[in-house]
Amino acid sequence: AAHRAAQFGADVHVVEQAPAAGGKLRTVRLPSGEPVDAGAEAFAVRDPQTGAPSPAFDLVGELGLAGVLVGPETSRAAILGPGGLEPIPAGTLMGIPGDASAETAPHDGPLLPPGGDVAVGDLVRRRLGAGVVERLVDPLLGGVYAGRADDLSLAATIPALAEACTTSPTLTGAVRAVLAARPKDHTPLFATLGGGLGTLID
């Protein structure tokens, strides 16, 4: 906000409550000297629904830091199960499967009315069962939104899925529709700055 105000000619003074500037962005050094982020460790480079560049990505470019962006190492996402780490099934959206065989609830028209909303956990539990909520959706949504699926709005957290639910009679069909509409560039959704996100503050 200060950067944007300064661009419009304001005389800006930033007052920081913490001992150092940066708020939730803070990079510290391990005893080995390696940098590690003590707060946020990455940011979305594009809107996951539309593919448009995110404001954070635009800011990094404006500050001349695009050349030090690094993406995550490629690996298969996993969750901790009774027997150890288990790969998250392919074709999921925030942990919600797109496999039609996972959905046994009756099909009786669109899941939501136009402009409708529902708690993510409630919808997934009704259509796919409590296990999917507890083992897949809660961990993934909680990691992004710091909340439980039963307390999070579908329209606020996964708006493209909420929109697809206004025309689809199945949740898995709505998931597949959203995944099919995503940009096919396969670039990572998240990135960070080499040396840590504290580089942004510096």
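A residue is called buried at under 20% relative accessible area, exposed at over 50%, and partly exposed in between (1.4 Å probe, protein chains only). By this scale, 29% of the 202 residues of the protein are buried. The structure is a predicted model, in which local features need pLDDT of at least 70, side-chain atom pairs count only at pLDDT 80 or more, and totals for chains, interfaces and linings use all residues. Residues are numbered from 1 along each chain as its sequence is written, and side-chain values use heavy atoms, with hydrogens and water left out.

Confidence is given as pLDDT, the predictor's confidence in each residue, from 0 to 100. The mean over the protein is 88, and 97% of the residues score at least 70. Among the elements, helix α3 (residues 120-128) has the highest mean pLDDT, 95. Strand β5 has the lowest, 76.

The protein contains 8 helices and 9 strands. These are DSSP runs, numbered from the N terminus: helices are H or I runs of at least four residues, and strands are E runs of at least two. Along the principal axes, the C-alpha atoms fill a box of roughly 60 × 45 × 35 Å. Contact means heavy atoms within 4.5 Å. Of the contacts between residues at least 6 apart in sequence, 64% join residues at least 24 apart.

The accessible surface is about 12,100 Å². Carbon and sulfur atoms account for 58% of this surface. Areas were computed by the Shrake-Rupley method with a 1.4 Å probe; for residues, only the protein chains shown count as cover. The protein has 14 positive and 22 negative side chains. Lys and Arg count as positive, Asp and Glu as negative; His and the chain ends are not counted. Each charge is placed at NZ of Lys, CZ of Arg, CG of Asp or CD of Glu. The centres of the two sets lie 4 Å apart.

Strand pairing requires at least two DSSP bridges between two strands. Strand β9 (190-193) pairs with β3 (residues 43-44) in the antiparallel sense, over 2 bridges. Here F43 stands opposite A191. Strand β4 (residues 69-70) also runs antiparallel to β9, again joined by 2 bridges. In this pair, L69 faces L193.

Strands β5 (residues 78-81) and β6 (residues 84-87) are antiparallel and share 4 bridges. They form a hairpin with 2 residues between them. L80 has L85 of β6 as its bridge partner.

R76 sits in the loop between β4 and β5. This residue is exposed, because its relative accessibility is 55%. Beyond its neighbours within four places in sequence, R76 contacts P87, I88, P89 and A90.

M94 lies between β7 (92-93) and β8 (96-97). Its phi is near 50 degrees, a positive value in a residue other than glycine. Most residues other than glycine have a negative phi. M94 counts as partly exposed because its relative accessibility is 26%. T187 lies in the loop between α7 (171-181) and β9. T187 is also partly exposed, with a relative accessible area of 38%. The C-alpha atoms of T187 and V137 are 23 Å apart, and the two residues are 50 apart along the chain.
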